[in-house]
Amino acid sequence: MNVTVSRKAHFNAAHRLYRKDWSDQQNELIFGKCSNPNFHGHNYELIVSVTGPIDPQTGYVIDMKVLKDHIKTQVEDVFDHKNLNLEVPEFMDTIPTAENIVVVIYDKLKKILKPNQSMEVVLYETPRNFVTYSEKL
Ligand code: NI
């Protein structure tokens, strides 16, 4: 019997969607306003879900405090109030789209999982635009 537990988190960050090997004009054509050379920010919302069996001793799937602290050190402390393009090494050569950000976050967080647990990460870039990533076990 597997149960899913979820934790919400939040960070603010700036980014710019562009390719160095494209002209400003081509970047503007493909990425529109998100290619603004002066960057722009988003209020990112995160939902991290861990699925697994309930530990018979604790009654937990995962200790929420452990999950909360892990999200803080791995994601919030690294991304919050940062310029993703300039300050987060993973995005120096990877375009910081919501799709790429959610995969980077997943890879940072998955270290906490036990072999019988799986994880799903949902990242909201705006209240209406969100992406979901999980690796199949
Ligand atoms: Ni944007």
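Guide: His81 is located in the loop between helix 2 (64–79) and strand 3 (82–83); helices (H or I, at least four residues) and strands (E, at least two) are DSSP runs, numbered from the N terminus. The model is predicted, so local features need pLDDT of at least 70 and side-chain atom pairs count only at pLDDT 80 or more, while totals for chains, interfaces and linings use all residues. Residues are numbered from 1 along each chain as its sequence is written, and side-chain values use heavy atoms, with hydrogens and water left out.

Most residues other than glycine have a negative phi. With a relative accessible area of 61%, His81 is exposed; the term means over 50%, buried means under 20%, and partly exposed lies in between (1.4 Å probe, protein chains only).

Phe39 is another non-glycine residue with a positive phi, of about 65 degrees. This residue is in the loop between helix 1 (24–31) and strand 2 (40–53). Its relative accessibility is 22%, so Phe39 counts as partly exposed.

From there the metal site follows. His15, His40 and His42 coordinate the nickel ion, each through NE2, at 2.1 Å. Donors here are N, O and S atoms within 2.8 Å of the metal (3.2 Å for Na, K and Ca); water is not among the atoms, so sites may look incomplete. The spacing of the donor residues in sequence is H-x24-H-x1-H. His42 has a relative accessible area of 14% and is therefore buried.

Arg16 is buried, at 8% relative accessibility, and lies over the face of Tyr18, 3.9 Å from the ring centre. For a charge to sit over a ring, NZ of Lys or CZ of Arg must be within 6 Å of the ring centre and within 35 degrees of the ring normal. Arg16 forms a salt bridge with Asp24, with 3.6 Å between the closest N and O atoms. The term needs a side-chain nitrogen of Lys or Arg within 4 Å of a carboxyl oxygen of Asp or Glu. Asp24 is exposed, at 54%. Arg19 forms a salt bridge with Asp21, where the closest N and O atoms are 3.0 Å apart, and its charged end sits over the ring of Trp22, 5.5 Å from the centre. Arg19 is partly exposed at 34%, whereas Asp21 is exposed at 55%.

Rings of Phe, Tyr and Trp (its six-membered ring) pair if their centres lie within 6.5 Å; planes under 30 degrees apart count as stacked, over 60 as edge-to-face and the rest as tilted. Trp22 is partly exposed at 26%, and Phe31 is buried at 18%. For Tyr106 and Tyr133 the centres are 4.9 Å apart and the planes at 80 degrees, so the pair is edge-to-face. Tyr106 belongs to helix 4 (residues 98–109) and Tyr133 to strand 5 (residues 130–133), so the pair ties together parts that are 27 residues apart in sequence. Tyr106 is buried at 3%, while Tyr133 is partly exposed at 25%. Elsewhere, Phe11, Tyr44, Phe79 and Phe91 make up one aromatic cluster.

Asp107 and Lys110 meet through their side chains in a salt bridge (3.6 Å, N to O). Asp107 is partly exposed at 33%, as is Lys110 at 32%. Salt bridges with shared partners join Asp107, Lys110 and Glu135 into one network. Across the whole structure there are eight salt bridges.

For the chain overall, there are four helices and five strands, arranged along the sequence as β-α-β-α-β-α-α-β-β. Buried residues account for 36% of the 137 residues. The C-alpha atoms fill a box of roughly 60 × 25 × 25 Å along the principal axes.
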